[in-house]
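Q: I have a structure open and want to go through it with you. Can we start with the pockets and then move on to the helices?

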Amino acid sequence: MKVGLIMGSTSDWGIMSAAAETLEEFGITCETRIMSAHRTPDLAADYAKNAKANGFGVIIAGAGGAAHLAGVIAAMTTIPVIGVPIKSKLNGLDSLLSTVQMPSGIPVATMAIDGAKNAALYAVSILALSDEGLARKLDEFRKKQTQKVLDATIQ
Ligand code: RP5
């Protein structure tokens with residue numbers, strides 16, 4: 001299944017591109033779109049309502065400021081939605097709180113501020129539940145990551 005990678009503005013791409021790169025490393029198809037809960041609410045609604053039919057397994061949504069994109073998308077689909085709060089005028093605290101503080105009933109799996117890479121890795125974990133090949137790649141990634149720390153030295 002493919003991943004939908006959406007963000008509120010082209011200005012988010014500098015951060016969100018890390019998610020696209022990580023998904024590519026795992027061989028996951030990712031479709032990137034710019035859409036905004038505030039500036040293009042009709043597009044966001046249309047995207048969320050048709051996401052399952054369009055073959056998406058997970059949606060990653062990055063936004064900054066009064067960051068409602070992930071929550072708005074999650075309200076209109078049952079596909080897992082991962083939110084990435086983008087650093088903003090208030091250092092990302094506004095984005096973080098806007099994304100993470102979802103009222104009970106509509107969950108958004110919120111990552112750290114600018115946590116685009118972890119959003120991709122979390123999407124991989126979700127998709128790996130029903131894809132053994134992907135699960136093996138994720139195990140391999142973790143092993144390599146561990147080894148890198150074990151091999152690290154200070155010059
Ligand atoms: C949000 O406003 C976007 O997600 C972006 O993080 C922020 C600023 O957008 P621009 O003014 O740079 O387009 O909607």
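A: Fine, bearing in mind that this is a predicted model. The largest pocket holds about 270 Å³ of space.

Q: How many residues line the largest pocket, and which lie nearest its centre?
A: The lining has 18 residues. Nearest the centre are Gly8, Ser9, Arg39, Ala63 and Gly64.

Q: What classes does the lining of the largest pocket divide into?
A: Nine of its residues are polar, six are nonpolar and three are charged.

Q: OK, helices. At what angle do H1 and H5 cross?
A: Roughly 35°. H1 covers residues 13-25 and H5 covers residues 116-128, and their axes come within 7 Å.

Q: Is that crossing of H1 and H5 left-handed or right-handed?
A: Right-handed.

Q: Which residues meet there, between H1 and H5?
A: From H1 they are Ile15, Met16, Ala18, Ala19, Thr22 and Leu23. On the H5 side they are Ala116, Lys117, Ala120, Leu121, Ala123 and Val124. By class, the contact of H1 with H5 has 10 nonpolar residues, one polar and one charged.

Q: And H5 with H6, how far apart are the axes?
A: They are 8 Å apart, and the two helices pack at an angle of about 140°. H6 is residues 132-151.

Q: Why are H5 and H6 called oblique?
A: An angle over 145 degrees would count as roughly antiparallel and 65 to 115 as roughly perpendicular. The angle here is about 140°, so H5 and H6 are oblique to each other. H5 passes H6 in a left-handed crossing.

Q: What makes the contact of H5 with H6?
A: H5 supplies Lys117, Leu121, Val124, Ser125, Leu127 and Ala128, and H6 supplies Leu134, Ala135, Leu138 and Phe141. Eight residues of this contact are nonpolar, one is polar and one is charged.

Q: Switching topic: where is Lys2, and what does Lys2 touch?
A: Lys2 sits in strand S1, residues 2-7. Leaving out residues up to four places away in sequence, Lys2 touches Thr29, Glu31, Asn54, Gly55, Phe56, Gly57 and Val58.

Q: How far apart are Lys2 and Asn54?
A: In sequence, 52 residues; in space, 9.3 Å from C-alpha to C-alpha.

Notes:
Residues numbered from 1 in each chain as written. Predicted model: local features only at pLDDT ≥ 70, side-chain atom pairs only at ≥ 80, totals over all residues. Heavy atoms only, no water. Axes fitted to C-alpha atoms, helices over the stretch in contact; angles between N-to-C directions. Helix = DSSP H or I, 4+ residues; strand = E, 2+ residues; numbered from the N terminus. Left-handed = near helix turned anticlockwise from the far one by under 90°. Contact = heavy atoms within 4.5 Å. Nonpolar A, V, L, I, M, F, W, Y, C, P; charged D, E, K, R; others polar. 1 Å grid on protein atoms, 1.4 Å probe; cavity = no way out; pocket = protein on both sides within 12 Å on 5 of 7 lines; lining within 4 Å. Points joined across faces, edges and corners; volume = space filled by probe spheres on them. Parallel < 35°, antiparallel > 145°, perpendicular 65-115°, else oblique.
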